[in-house]
Amino acid sequence: MKALAQLESWPVDHAAGAVVTTSGVADMFGDTARVFELASVTKLLVAQAVLVAVEEGAVDLATPAGPNGARVEHLLSHASGLAFDSDDVQAAPGEQRIYSSRGYELLADLVATETQIAAAEYLHEAVCEPLGMTSTALVGPAGHGARSNVDDLARFAADLLAPTLVSPQTAATARSVHFPGIDGFVPGYGRFRPNDWGLGPEIKGAKDKHWTAPSHSPSTFGHFGQSGTFLWVDPARGASCVVLTDRAFGPWAKPLWRDFNHGILDALDS
């Protein structure tokens, strides 16, 4: 897929990427074994581990967590009212989409308490080991502290397309909008009305001027990270894309990501 070759011209020291479809890996670019900081793409991995814990019965989406009145479901979908990086409460649960890395730290702590397994080890056992993700590890906070490579995340993306870690019902729930209609900010992209989110992944919905391409289906879900990384899944096309770089997200990324994703979709649709 020649569209991945766009990465050659990006103003980064290193970049690697993959396109995955329901038929398997369609193409790869760069050193796919190179380990990168994931930043907030970490949240996709941690959310998946929490969903495994839900299916195992260790926690439930209705388990109280975070601010008074909030539940696991609120924390996963950034609807708890918790601030970005502290325990300050900025809104009542379910009223606003306030992006909170702190919420993911609380989720990891909750699962660790209920399972008696440290968060990094639980992620390894619940997600990485079953998928053969040998280069992925949570080495810092649960909201942004994982490292991985394209080889591993291509396996993860394949599982998002055809779930094995969780049931199809749980997977469908995770990529549906929770607390629909509430507004909020996507870091680096501004306020969206509404700001749709699932149980971990952001959902494109009707968002414009976004890190996904305008031609992505509304059901597209995924996450990007401040380390210059992203992973999206477009269920309507049966395809996913992973890109990892070593340059922090900034103004350079916005036009390149949009155009790159548009090129990937054109190649998939051709």
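**A walk through the core, helices and cavities**

Hi everyone, let's start with one glycine: G222 sits in strand β9. A strand here is a DSSP run of E with at least two residues, while a helix is a run of H or I with at least four, both numbered from the N terminus. Before going on, a word on the source: this is a predicted model, where local features need pLDDT of at least 70, side-chain atom pairs count only at pLDDT 80 or more, and totals for chains, interfaces and linings use all residues. Residues are numbered from 1 along each chain as its sequence is written, and side-chain values use heavy atoms, with hydrogens and water left out.

Back to our glycine. Is G222 buried or exposed? G222 counts as buried, because its relative accessibility is 1%. Buried means under 20% relative accessible area, exposed means over 50%, and partly exposed is in between, with a 1.4 Å probe and protein chains only. G222 and K43 are 179 residues apart in sequence, yet their C-alpha atoms are 9.7 Å apart in space. Setting aside neighbours within four places in sequence, G222 is in contact (heavy atoms within 4.5 Å) with L44, P201, E202, W211, L231 and W232.

L231 takes us to the core. A nonpolar core is a set of buried Ala, Val, Leu, Ile, Met, Phe, Trp, Tyr and Cys residues joined through side-chain atoms within 4.5 Å. The largest one has 54 residues, and L45, L76, V127, M133, L153, F156 and L231 touch the most other members. Helix α1, residues 42–56, gives this core its largest share, nine residues. There is also a second, separate core of 27 residues, with L7, W10, Y99 and A213 among them. As background, nonpolar side chains tend to be buried together in soluble globular proteins.

Now α1 itself. Twelve of its 15 residues are buried, so α1 is largely enclosed by the rest of the structure. Those buried residues run from T42 and K43 through L44 and L45, and on to V52 and A53, among others. From first C-alpha to last, α1 reaches 21 Å, close to the 21 Å expected at 1.5 Å a residue; the expected span is 1.5 Å times one less than the number of residues. Just after α1, G57 takes a positive phi of about 85 degrees.

Helix α7, residues 253–269, can be checked likewise: its 17 residues should span 24 Å, and its end C-alpha atoms are 24 Å apart, which agrees. Its buried residues, including W257 and F260, pack against β1, β9, β10 and β11.

Points are joined across faces, edges and corners, and volume is the space filled by probe spheres set on them. The whole structure has two cavities of 30 Å³ or more.

The largest cavity has a volume of about 140 Å³. It is lined by 15 residues, with Q48, L160, A171, A174 and F221 nearest its centre. α1, α5 and α6 each supply at least two lining residues.

The second largest cavity holds about 90 Å³. Its lining includes V46, A49, V50 and Y122, and α1, α3 and α4 each give two or more residues to it.

Terms used. 1 Å grid on protein atoms, 1.4 Å probe; cavity = no way out; pocket = protein on both sides within 12 Å on 5 of 7 lines; lining within 4 Å.
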